[in-house]
Amino acid sequence: MQKGFEDGLKTSFVESFGESCRTAAEGSGAPADLAVTVCKCTADELIKKYGASELIGLSPAMAEPVMKSCAAKSGLPI
């Protein structure tokens, strides 16, 4: 049961984080295709790095290094 909850939460996290990340990135002038790539990378890396309880309380300080790494992988200057 716990594994199912964690998997469900991670799936939900990827969807909601991805949507809010893309909206913020595009609102700041990022091209849509680049926003999708960086946001998907970030969400995927965050769910690998953190468990469900950590994702629920995810802070910008926890997400920022992961996002910067994904941005760099996508060729963005950081």
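**View A. Helices H1 and H2 cross in a right-handed way.** The axes of H1 and H2 come within 9 Å and cross at roughly 145°. Such axes are lines fitted to C-alpha atoms, for helices over the stretch in contact, and angles run from 0 to 180 degrees between N-to-C directions. On the H1 side, the contact includes Phe13, Phe17 and Cys21, and on the H2 side it includes Val36, Cys39 and Ile47. Contact means heavy atoms within 4.5 Å. The residues of this contact divide into 12 nonpolar, 2 polar and 4 charged. Ala, Val, Leu, Ile, Met, Phe, Trp, Tyr, Cys and Pro count as nonpolar, Asp, Glu, Lys and Arg as charged, and the others, Gly among them, as polar.

A note on all views: this is a predicted model, in which local features need pLDDT of at least 70 and side-chain atom pairs count only at pLDDT 80 or more, while totals for chains, interfaces and linings use all residues. Residues are numbered from 1 along each chain as its sequence is written, and side-chain values use heavy atoms, with hydrogens and water left out.

**View B. Meet helix H2, with its 18 residues.** From first C-alpha to last, H2 reaches 26 Å, close to the 26 Å expected at 1.5 Å a residue; the expected span is 1.5 Å times one less than the number of residues. Helices (H or I, at least four residues) are DSSP runs, numbered from the N terminus. Among the buried residues of H2 are Ala35, Val38 and Leu46, where buried means under 20% relative accessible area, exposed over 50% and partly exposed in between (1.4 Å probe, protein chains only). The buried residues of H2 pack against H1, helix H3 (52-56) and H4.

**View C. Helix H2 (residues 32-49) also crosses helix H4 (residues 60-73).** Their axes come within 9 Å and cross at roughly 130°. That makes H2 oblique to H4, as angles under 35 degrees count as roughly parallel, over 145 as roughly antiparallel, 65 to 115 as roughly perpendicular and the rest as oblique. Val38 and Cys41 are among the H2 residues that meet H4.

**View D. Take a look at lysine 10 in helix H1.** Lysine 10 counts as buried because its relative accessibility is 18%. Leaving aside residues up to four places away in sequence, lysine 10 touches Ile47, Tyr50, Gly51, Ala52 and Leu55.

Key
Helices (H or I, at least four residues) and strands (E, at least two) are DSSP runs, numbered from the N terminus. A crossing is left-handed if the near helix is turned anticlockwise from the far one by less than a right angle, and right-handed if clockwise.
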